[in-house]
Amino acid sequence: MWRIKMHNIKDANRIVIKVGTSTLTHLTGRLNIRTVEKFVKVLADLKNMGKEIIIVTSGAVGVGMSKAGFDKKPDEITKKQALAAIGQCELMNYYGRLFEDYHHTVAQILLTKDVIEDEKRYKNAKTTFETLLNLSVIPVVNENDVISTEQLEFGDNDTLSAYVSVLTNADLLIILSDIDGLYDKDPKNNPDAKIIDVVDEITDEIKKGAGSEGSNRGTGGMITKLTAAQIATEKGIDMIIANGKDPMILYDIFDGKKTGTLFLGRGDK
């Protein structure tokens, strides 16, 4: 089935790529400069191929923690918001300078959940994305953690990336994380666990095999990725979960190599 679908993946033009905190940073919370530079280089090359690229990036709070001297994520919402404000500047500074080296321009878009729920704001956001892409700009999206409250937050960037995929009518969503894909059972407790190559339906059995916890620096886990897959695939958008430790894996995806787990879009776009 992978080979049957890969021609669609190769031909995908508008691509949302979500990159997690654990991929972007070291255990110290500081940016993993080598990985970030590779990530930007590959995306710039995909852009040169004619792809429309949208980045959904995590890492603001993690980077802010490092800069402010925090060893772990604080419980207080005000401190989380302050760390997000500190870290977001650092992230965009890196993205801006690195993409400029390859003659590409980035734009920051910070979203809260009310943009998805309010028709007028939804249309405004959609128009902004379309305008930026028409200008050949790379939107860099994150949740607006600085002002988000429980009522306004997506909760994790896996879910955010799925909503952005739907909002922009993307062809493909790629979630880069610190895992190789979706396993048939919890690999932490089952050494014989195997990666599921293709998922055409997210069953209760698959959900039971997913854990719920993310890392200390991030918010997501496999369960949030399955939620993202449901949102995207119901709108006809294919989704891939792959290990982002080496961003060169993106080339493997578009070369048609079996990589990570492919979730097949089921609904109408």
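**Sheet, then helices**

I started with helix H5 (residues 77-100), which lies across strand E1 (14-19), E2, E3 and E4 and runs at about 155° to E3. I keep in mind that this is a predicted model.

Next I traced the sheet. It is open, has 8 strands with mixed pairing, and its order reads E3-E4-E2-E1-E5-E7-E8-E6. At the edges I found strand E3 (106-111) and strand E6 (198-199), each of which pairs on one side only.

I then checked how strand E2 (residues 52-57) meets strand E4 (residues 138-143): the two run parallel and 2 bridges join them. Val 56 stands opposite Val 141 in E4.

Helix H10 (residues 222-233) came up next. I see H10 lying across strand E5 (172-177), strand E7 (238-243) and strand E8 (261-263), at about 155° to E7.

**A closer look at H7**

I looked up helix H7 (residues 119-134): its 16 residues reach 22 Å from first C-alpha to last, close to the 22 Å expected at 1.5 Å a residue.

Which residues of H7 are buried? I noted Ala 125, Phe 129, Leu 132 and Leu 133. They cover an arc of only 100° around the axis, so they sit on the same side of H7. On the other side of H7, I found Glu 119, Lys 120 and Asn 134 exposed.

What covers the buried residues of H7? I listed E1, E2, E3, helix H6 (114-117), E4 and helix H8 (157-167) among the elements that do.

Last, I checked both ends. At the start of H7, a side-chain oxygen of Asp 118 comes to within 3.2 Å of the backbone nitrogen of Lys 120. Just after H7, Ser 136 takes a positive phi of about 65°.

Note on methods. Residues numbered from 1 in each chain as written. Predicted model: local features only at pLDDT ≥ 70, side-chain atom pairs only at ≥ 80, totals over all residues. Heavy atoms only, no water. Pairing = 2+ DSSP bridges. Helix = DSSP H or I, 4+ residues; strand = E, 2+ residues; numbered from the N terminus. Contact = heavy atoms within 4.5 Å. Axes fitted to C-alpha atoms, helices over the stretch in contact; angles between N-to-C directions. Expected span 1.5 Å × (residues − 1). Buried < 20%, exposed > 50% of the residue type's maximum accessible area, 1.4 Å probe, protein only. Arc of directions from axis to C-beta. Polar contact = N/O pair within 3.5 Å; in protein donor to acceptor, adjacent residues only side chain to side chain.
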